[in-house]
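The entries follow in the order in which I took them.

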Amino acid sequence: MLIRFLRLFLGRQTLVALYNLLQSFRKKFRSLLPSMAIPEADQEQDQKVSEPVFDPSIPSIPISYPIKTLEELHSGAYFDSFHYPFNKSSVPLQFPSPPFPLPNRPRLLVCHDMQGGYVDDKWVQGGSNPDAYSIWHWYLMDVFVYFSHSLVTLPPPCWTNAAHRHGVKVVLGTFITEWDEGRAISSKLLETEDSARLYAERLAELAAALGFDGWLINMEVKLDVMLIPNMKEFVDHLTRTMHSLVPGSLVIWYDSVTIDGDLDWQDKLTEKNKPFFDISDGIFINYTWKKDYPKLSAEVAGDRKFDVYMGIDVFGRNTYGGGQWTTNVALDVIKNDNVSAAIFAPGWVYETKQPPDFRTAQDRWWDLVENSWGAVQNYPRTLPFYSSFDQGVGYHISVDGQQVTDASWNNISCQGFQALLKYVDDPKPGAIQVLVDFKQPSYNGGGNITFRGTLQDNAYFETRVFIGELLLGGEPLQVIYSVKSEGDSLLGLSLHFFSPMNDKKTVIVIAPWETDELSRKFNKAIVPGRVTDSEIEPGWVQYESKVAMNGQILREIRAVCHKTKGTTTMRSEQKAAAEGSEYLAVLGQILMNNSDHNSCLPPSTSWEVTAELVQWTASSSAAADSEGSRAVSLKINWKLKDGNTAFAHSKYNVYVAKLGSSSVQYLGVAAVEAFYVSNLVVPSGVSSLKFIVQVCSIDGSSQKLDESPYFELDVEY
């Protein structure tokens with residue numbers, strides 16, 4: 001907390017000087033310690049309660065964690081960790097097409113730095129805090145960096161999965177050396193040219209194995225100038241090796257140590273830091289720059305001006321424009337000077353508890369970014385396109401319209417494509433309010449889009465949901481969406497198409513009883529068919545339609561709120577039209593695909609499900625209902641028998657059926673082909689357990705539980 005407080009009010013340079021001064025006082029004070037008598041009570045008070053040492057080789061609930069020593073990095077011990085297989089990202093970068101080049105324009109990089117990292121997001125299989133920090137504004141960024149102050153920051157896979165799904169590169173890890181300890185580490189790292197190359201290769205191997213896209217190199221130490229050639233070799237070899245192992249990857253240098261070995265933040269691109277820029281994919285400029293520094297940096301960078309990322313500290317620590325609620329001031333200057341921007345620590349909104357609540361404040365803050373910088377990602381761009389508007393947090397989880405648990409949870413890996421809803425700072429009373437909601441029933445996951453307010457009987461309300469870039473071919477586009485509404489509230493979709501000549505056409509997909517009046521406002525109206533499924537929770541209505549727009553580009557998807565006719569019983573039509581009536585509808589999912597596409601999930605017989613590391617203990621849980629209850633921990637693994645790894649899954653839901661009991665318990669979700677069950681209570685009388693792995697496709701479909709692969713385990717008493 002003290003460091004955070006000091007960094008809030010002091011610049012980094014001032015803090016370094018203060019730290020060095022305190023270090024010298026500490027050394028002098030230590031020399032006096034032998035002659036000082038410290039009271040025994042004070043000694044006891046100063047002693048820290050010992051905590052169990054984390055042993056990554058011992059099976060436990062999977063977590064993400066950094067590498068803290070050079071020795072651990074050198075040995076490759078991380079790959080022997082029990083947690084390693086769980087930390088692999090499972091979602092490849094969706095677009096652009098390989099080799100995934102960055103766009104030739106000013107870009108937006110976002111650097112995480114939230115409460116030191118590895119908080120709620122460290123739980124790979126998900127945590128229980130529905131208020132955990134997350135980001136859902138991926139359409140505003142090109143690159144995402146996960147940051148902590150450990151030597152080697154490895155990204156929790158949830159961030160990589162969510163970012164990749166939205167087309168954002170994850171230049172995570174951060175490799176950082178700081179203070180006296182960091183200087184010693186740097187000296188060892190750069191001891192020889194061979195050692196520099198060795199550690200560069202170790203970092204590249206980690207990125208390739210875990211599925212993220214590169215590194216931010218932050219060497220905030222003073223170096224002997226004799227080590228600079230090896231530093232250049234380290235950066236150059238890391239960049240080249242990353243490009244070889246991970247096409248489209250990035251290595252970005254942080255503006256800190258100079259070519260002279262001095263720890264001297266330049267705040268712009270200069271001849272003192274350009275040699276590192278020249279051998280990497282970009283530079284993250286320190287955030288204490290002046291107004292003309294972006295322009296000066298662009299001049300030095302020449303053709304690579306978009307590889308210069310001008311830093312902005314959201315906490316406002318000596319940053320241009322003040323950060324916080326005026327972050328857009330710096331963004332405007334950067335974009336005007338035609339270089340790129342690097343936003344550091346957007347978790348400020350969460351950490352400082354900005355009113356009225358995190359989600360409202362987060363949307364408001366990112367709206368400043370959008371108004372200044374504009375959206376840089378759009379979707380749909382490819383088929384199939386599916387979203388249930390899940391933000392990776394919630395108070396319940398549903399699968400195919402059926403709620404499977406009412407437990408609170410968080411898991412950013414579950415984030416689907418996020419709606420590009422426009423934040424409204426001061427909505428008008430009675431107007432339709434649009435929000436991603438976690439309390440209303442969900443169709444898949446824990447989120448939805450809720451439309452609530454007042455709507456006049458003869459009026460309609462239309463709002464943006466997605467901005468796309470989807471070129472349609474000769475096959476009709478299949479459109480499926482699910483709605484739950486109250487009373488006379490109805491919800492449709494409007495699709496906005498553009499021809500290569502930029503001619504606009506709008507198509508409305510809407511309930512049949514409203515086509516006469518509402519369809520006149522659009523170029524074409526399509527009446528969707530109603531899909532029936534006895535297993536969907538009552539209240540959900542699923543609509544399906546086909547849209548033929550060969551050669552057209554789908555640019556925008558909007559939701560259209562309207563009402564049925566004949567709702568004016570008990571009041572005059574004139575009064576009803578003037579006052580309106582209450583409106584509530586929930587959009588649960590949208591699926592777009594080729595019209596002839598049929599989701600084909602591999603049958604249960606195609607899978608091999610096994611268990612290992614099975615450990616039985618006597619249950620001490622309060623959930624145990626009788627004497628003799630047991631608890632079991634085990635790792636479940638599954639794979640396709642034919643070895644095919646190309647199956648396009650999105651996730652796997654894991655359940656357990658306790659044979660002898662009629663209930664099926666939802667255990668959690670896996671993004672990889674493994675799940676660890678920890679201390680599952682097994683009541684006495686249960687003879688065996690059936691662990692069910694429900695396979696979910698990227699088009700939102702899920703296997704029926706009685707058709708899903710499973711593994712049976714006899715209970716040991």
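**Entry 1. Helix 10 and its end.** The model is a predicted one. I then went back into the helix, residues 293-301, and listed the buried positions: Tyr 293, Pro 294, Ser 297, Ala 298 and Ala 301. Viewed down the axis of helix 10, these buried residues fall within an arc of 140°, so they line one face of the helix. I noted the general rule beside this: an α-helix has 3.6 residues a turn, so residues three or four places apart point the same way. On the other side of helix 10 I found Lys 295 and Glu 299, both exposed. What do the buried residues of helix 10 pack against? I found helix 9 (274-278), strand 9 (308-313) and helix 11 (327-336) as their partners.

**Entry 2. Backbone exceptions.** I kept the background in mind: most residues other than glycine have a negative phi, and most peptide bonds are trans. I looked up the cis bonds next. The peptide bond from Pro 355 to Pro 356 is cis, with omega near 0°. I placed Pro 356 in the loop between helix 12 (348-351) and helix 13 (358-373). Leu 383 and Pro 384 are also joined by a cis peptide bond, with omega about -5°. Pro 384 sits in the loop between helix 13 and strand 11 (385-387).

I then checked two aspartates for phi. Asp 113 is not a glycine, yet its phi is positive, about 40°. I located Asp 113 in the loop between strand 1 (108-111) and strand 2 (143-145). Is Asp 113 buried or exposed? Asp 113 counts as buried, at 2% relative accessibility. Asp 267 has a positive phi as well, near 65°, and is likewise a residue other than glycine. Asp 267 belongs to the loop between strand 7 (250-254) and helix 9. With a relative accessible area of 9%, Asp 267 is buried.

**Entry 3. Salt bridges.** How many salt bridges does a search of the whole structure find? I noted 15. In general, side chains of opposite charge can pair when their charged atoms come close.

I took helix 9 as the local case. Asp 278 forms a salt bridge with Lys 274, and the closest N and O atoms are 3.0 Å apart. Both residues lie in helix 9, 4 residues apart, which is about one turn of the helix. Lys 274 counts as buried at 18% relative accessibility, whereas Asp 278 counts as partly exposed at 42%.

Lys 563 is in strand 25 (residues 553-563), and Asp 488 is in the loop between strand 19 (477-485) and strand 20 (489-498), 75 residues apart. I checked burial for the two ends: Lys 563 is buried at 1% relative accessibility, and Asp 488 is buried at 15%.

I also recorded a network of salt bridges that links Arg 107, Arg 304 and Asp 307.

**Entry 4. Around Glu 612.** I looked up Lys 635 and Glu 612, whose side chains meet in a salt bridge at 3.6 Å, N to O. Lys 635 lies in strand 28 and Glu 612 in strand 27 (residues 607-618), so the pair ties together parts that are 23 residues apart in sequence. Lys 635 counts as buried at 10% relative accessibility, and Glu 612 counts as partly exposed at 34%.

Which side chain does that of Asn 637 meet in a polar contact? I found the side chain of Glu 612, at 2.9 Å. Asn 637 is in strand 28 (residues 630-640) and is buried, with a relative accessible area of 17%. Leaving aside neighbours within four places in sequence, I listed the contacts of Asn 637 as Glu 608, Val 609, Thr 610, Glu 612, Glu 673 and Ala 674. Glu 612 therefore has a salt bridge to Lys 635, a residue of strand 28, and a polar contact with Asn 637.

Technical notes:
Residues numbered from 1 in each chain as written. Predicted model: local features only at pLDDT ≥ 70, side-chain atom pairs only at ≥ 80, totals over all residues. Heavy atoms only, no water. Buried < 20%, exposed > 50% of the residue type's maximum accessible area, 1.4 Å probe, protein only. Polar contact = N/O pair within 3.5 Å; in protein donor to acceptor, adjacent residues only side chain to side chain. Contact = heavy atoms within 4.5 Å. Arc of directions from axis to C-beta. Salt bridge = Lys/Arg side-chain N within 4 Å of Asp/Glu carboxyl O.
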